[in-house]
Amino acid sequence: MSKCRICQVEYVPFLSFGKMPLANGFLASDQFRNEYFFELVVAFCPSCCMVQLSEQPSRERMFTPHYAYFSSTSTSMATHFEKFSHQVIADYLPPHDPFVVEIGCNDGILLEQFAQVGIRHLGIEPSANVAQVAVNKGLRALQRYFDEDLAREIVAEYGQADAVLGANVLCHIPYLHSVVAGIKMLLKPGGVLVFEDPYLGDILDKTAYDQIYDEHAFYFSVTSVRYLFQRHGLEVVDVMPQNVHGGSMRYVVTHEGARKGSAAVMAHCEREKALGLEQPETFEGFRRRTERSREELMALLFKLKRLGKRVVGYGATSKSTTVINYCGITRDLVEFISDTTPIKQGKFSPGAHIPVRPYTEFTANYPDHALLFAWNHAREIIPKERGFQAAGGKWIVYVPKVQILI
Ligand code: SAM
Ligand code: TMP
């Protein structure tokens with residue numbers, strides 16, 4: 001495939017990470033021999049400006065009954081989603097019997113906010129294990145993939161929705177035209193789609209190359225998102241930067257002309273033009289910065305090893321799979337990765353097979369350095385790890401630049 005998934009124009013590949021495993025493919029040692037790898041290449045469309053993967057593993061490989069990402073592992077994300085629901089309820093829902101559909105509801109971290117105040121809701125979540133957690137919370141959730149066909153079924157059974165929501169999910173779905181056509185069908189004439197995803201402007205600005213991995217089929221900008229929805233007769237009426245997942249953008253979308261648009265939309269498009277988000281050279285610069293970041297991180301890890309320092313990874317994030325395998329980080333350099341998610345503990349990281357251990361092993365014997373793979377949660381993690389710093393421990397970060405925090 002060398003054509004843009006959105007506008008069919010030939011795209012320009014700008015960065016190849018080589019063979020990569022699944023970002024959430026944490027595995028047991030008896031699975032090493034059959035581990036799946038694919039070519040991770042990211043490309044820019046010079047016509048509609050959509051940044052995208054050239055190849056993505058099948059959805060059945062990624063969103064399995066053993067899916068390792070549980071949204072509720074971060075307390076700051078729970079707070080974020082509580083505020084998200086408050087905004088939707090205050091600004092977009094009608095007072096009488098509103099109906100909300102969430103695409104990719106995972107363990108119900110956002111949907112439960114609506115359920116708690118008695119709002120009619122439906123979650124769509126293909127990964128069986130996380131969907132079951134949502135159902136166990138008493139939420140109504142279907143273990144299905146969202147697309148146009150499912151939207152038709154939902155309208156037939158439940159009627160149209162006042163709000164369709166999605167957090168960190170639309171950018172995961174390669175067949176976006178079917179998803180957007182489904183959303184259009186599902187939305188009432190005055191309904192809104194509110195969704196958020198990691199923002200391309202932040203990825204470039206912070207050289208956050210670790211946002212690039214199998215599940216992220218697209219890297220959205222306001223420009224590319226506007227184009228996509230316009231093709232379906234839908235309109236982006238507002239955009240709001242969000243301080244989560246390393247920098248995200250929330251988009252509000254309606255049927256064309258249904259609501260007055262905010263000036264923020266065009267302001268962001270202008271800013272993106274000024275930042276060069278419409279030019280291939282910008283992405284060449286990103287590739288060079290990514291390569292430099294890799295060299296600097298490896299030089300630092302080798303230096304610490306020579307000095308006999310213990311380095312442990314903090315947070316077995318999906319993003320860490322890209323960093324570890326692209327940079328060539330091995331068990332010699334990072335002893336283990338501490339993570340609070342039970343399903344990841346006792347397993348090994350995808351590709352490099354660094355052990356993932358419970359958080360208690362981190363606190364029981366603090367290392368000299370903690371490599372903060374969960375850098376997007378730094379505001380939550382660093383203050384709560386005063387004990388680590390008090391014991392002389394130091395944080396290593398690599399976004400926006402490789403450094404030891406003092
Ligand atoms: N919304 C949650 C959040 O922000 O924490 C979960 C985000 S998680 C990174 C992406 C979720 O989207 C996964 O739970 C995955 O199973 C789900 N997903 C993937 N493809 C989907 C599809 N076609 N329809 C609905 N959900 C999908
Ligand atoms: P995320 O960056 O995709 O949200 O994943 C964060 C990962 O980091 C997840 O596996 C849980 C883990 N984690 C910890 O181990 N400790 C923490 O304090 C936080 C916030 C996350």
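**Entry 1: cavity**

The largest cavity holds about 50 Å³ of space. Its volume is the space filled by probe spheres set on the points, with grid points joined across faces, edges and corners.

I noted the ground rules here. The model is predicted: local features need pLDDT of at least 70, side-chain atom pairs count only at pLDDT 80 or more, and totals for chains, interfaces and linings use all residues. Residues are numbered from 1 along each chain as its sequence is written, chains are lettered from A and ligands numbered from 1 in the order written, and side-chain values use heavy atoms, without hydrogens and water.

Which residues line the largest cavity? I listed Phe14, Val42, Val51, Leu200, Ile203, Leu204, Ile212, Tyr219, Phe283 and Phe286. By class, the lining has ten nonpolar, no polar and no charged residues. Helix H7 (200-205) and helix H10 (280-306) each supply at least two lining residues. H7 gives the most, with three. Helices are DSSP runs (H or I, at least four residues), numbered from the N terminus.

Why does the cavity lie between domain 1 (12-55) and domain 2 (71-277)? Both domains give residues to its lining, so it lies between them. The bounds come from an automatic or database domain assignment.

**Entry 2: ligand 1**

I counted 21 residues around ligand 1 (a heavy atom within 4 Å). Ser71, Glu125, Ser127, Ala167 and Asn168 come nearest. The shell has 13 nonpolar, six polar and two charged residues. I then checked polar contacts (N or O pairs within 3.5 Å). A ligand oxygen is 2.5 Å from a side-chain N or O atom of glutamate 125. Another entry pairs a ligand nitrogen with a polar backbone atom of glycine 104 at 2.9 Å. Taken alone, ligand 1 exposes 590 Å², and the protein buries 97% of that (Shrake-Rupley, 1.4 Å probe).

**Entry 3: ligand 2**

I found 17 residues around ligand 2, with Lys319, Asp339, Lys344, His377 and Lys384 nearest. Four are nonpolar, eight polar and five charged. Helix H13 (residues 378-384) gives the most to this shell, with three residues. An oxygen of ligand 2 is 2.7 Å from a side-chain N or O atom of lysine 344. For histidine 377, I read 2.8 Å from a ligand oxygen to a side-chain N or O atom. Ligand 2 alone exposes 490 Å², of which the protein buries 97%.

Notes
A polar contact is a pair of N or O atoms within 3.5 Å; within protein, one must be able to donate a hydrogen and the other to accept it, and residues adjacent in sequence count only if both atoms are side-chain atoms. Ala, Val, Leu, Ile, Met, Phe, Trp, Tyr, Cys and Pro count as nonpolar, Asp, Glu, Lys and Arg as charged, and the others, Gly among them, as polar. On a 1 Å grid over the protein atoms alone, a cavity is a set of points where a 1.4 Å probe fits but cannot get out, and a pocket is an open set with protein on both sides within 12 Å along at least five of seven lines; lining residues have an atom within 4 Å of a point.
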